[in-house]
Amino acid sequence: MWLGPEQNQSWVSEFILLGFSSDPTTNSILFSVFLLIYLSSVMGNGLIILLICLDSHLHTPMYFFLCILAMLDMSYVSTTMPQMLVHLLAHSQTISFACCWMQMYVFSALGITEGTFFVVMAYDRYVAICHPLRYTVILNWGVCIWLTAGSCVFGFLSSSLHTFFIMHLPYCGPNKVNHYFCEGPAVRSLACMDTHIIEMVDQILIVVMGFIPISLIVASYVHIAKAILKIKSTQGRCKAFSTCASHLTVVSFFYGPSSYIYMRTNSSYSPELDKQISLFYNAFTVLLNPVVYSLRNKDIKRAFLKVIGHSKVDC
């Protein structure tokens, strides 16, 4: 039960992030593993951005959107991983209330932006496959920039609502967050009042922000599937399916775990499981995205070999 300020209730000014372990040896091992994951994620996505910027053949809407996704992924993982790495080696795992609020806001904003941006990428594939002759007319550079900017504005505005509801709850102790960063549900579970109504409002926001993008993505791929089945060339069908399969894989990696984390109540909160799931969609998905998008992408491989000095490439 929340006790009002008139009863001299103390308020927490900082949180303690418990992380994955309190054992120094285990933390040292985790530090090495997570540092490798973080550096690989940043370098993998950075390489995608570099190749797209350097190769003029990749200056198309599809690769422009892929470049933006790589930027979002780098920012997304950098919101949480550097601090976690510091806490794995430091004696203190505290984070101020203001820094916790900011981390939650930026993390949520980038996550919602990325989730919305997947709709833009699905629309890009829809236009490319269903209206190939009008592709560059429909998705001109002005439209691409507006779609990207719209995704960012929606993400950061939506995150302000989500963060406002959580961080304006009363926190009067305990202040130990059983997580490796300030994720909304983990912090909300420490509020010293009944959060049932806040949970309901939060879940409505999450459902709206998740259901609408997923519905639009599904609708796009229904039309795409119909168009692919009409392609007479087997090679053409395989190429169209390959680019769509990469996008659907990344969407599944992102929406699956994040939906579990944000669409359930405090009563079903499982700290250890939540930390593992959050780590997957925050770190491992970012690590896998460059691999998924470039593994079967001849254009990316050709650009890479061109950059390292191979002018003639047999893909």
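**Entry 1, the largest pocket.** I began with the largest pocket, which holds about 900 Å³ of space, and I note at once that the model is a predicted one. I then listed what surrounds that space and found that 30 residues line the largest pocket, with Met62, Arg125, Lys239, Ala240 and Thr243 lying nearest its centre.

Which helices supply at least two residues each of this lining? I noted helix H2 (61-78), helix H4 (97-130), helix H8 (196-230), helix H9 (234-262) and H11, and the largest share, nine residues, comes from H9. Sorted by class, the lining of the largest pocket has 13 nonpolar, nine polar and eight charged residues.

Next I turned to cavities. Rolling a probe the size of a water molecule over the atoms shows where empty space is left. Counting cavities of 30 Å³ or more, I came to one, and the largest cavity has a volume of about 50 Å³. I wrote down its lining as Asn45, Ile48, Leu66, Leu69, Ala70, Asp73, Asn289, Pro290 and Tyr293. The elements that give two or more residues to this lining are H1, H2 and helix H10 (271-294), and H2 gives the most, with four residues. By class, I have six nonpolar, two polar and one charged residues in the lining of the largest cavity.

How many salt bridges does the count come to? I have two salt bridges in my notes. In one of them the side chains of Arg125 and Asp124 meet at 2.9 Å, N to O, and I marked both Arg125 and Asp124 as buried. Arg125 had already come up in the first entry, among the residues that lie nearest the centre of the largest pocket.

The side chains of Asp299 and Arg302 also meet in a salt bridge, at 3.1 Å, N to O. I asked why Asp299 and Arg302 are separated by about one helical turn, and my note is that this is because they are three residues apart in helix H11. Asp299 counts as partly exposed because its relative accessibility is 33%, and Arg302 likewise counts as partly exposed, at 36%.

Last, I looked for nonpolar side chains on the outside, and recorded a nonpolar patch on the surface formed by Leu47, Leu50, Leu54, Phe304, Val307 and Ile308, with about 520 Å² of accessible area together. Helix H1 (24-54) and helix H11 (298-307) each supply at least two residues of the patch, and the largest share, three residues, comes from H1. I checked one member, Leu47, which lies in helix H1, and Leu47 counts as partly exposed because its relative accessibility is 35%.

Methods:
Residues numbered from 1 in each chain as written. Predicted model: local features only at pLDDT ≥ 70, side-chain atom pairs only at ≥ 80, totals over all residues. Heavy atoms only, no water. Patch = residues over 30% accessible without salt bridge, like charges linked within 9 Å, V, L, I, M, F, W, Y side chains within 5 Å. Areas by Shrake-Rupley, 256 points an atom, 1.4 Å probe, with all protein chains shown as cover. Salt bridge = Lys/Arg side-chain N within 4 Å of Asp/Glu carboxyl O. Buried < 20%, exposed > 50% of the residue type's maximum accessible area, 1.4 Å probe, protein only. 1 Å grid on protein atoms, 1.4 Å probe; cavity = no way out; pocket = protein on both sides within 12 Å on 5 of 7 lines; lining within 4 Å. Points joined across faces, edges and corners; volume = space filled by probe spheres on them. Nonpolar A, V, L, I, M, F, W, Y, C, P; charged D, E, K, R; others polar.
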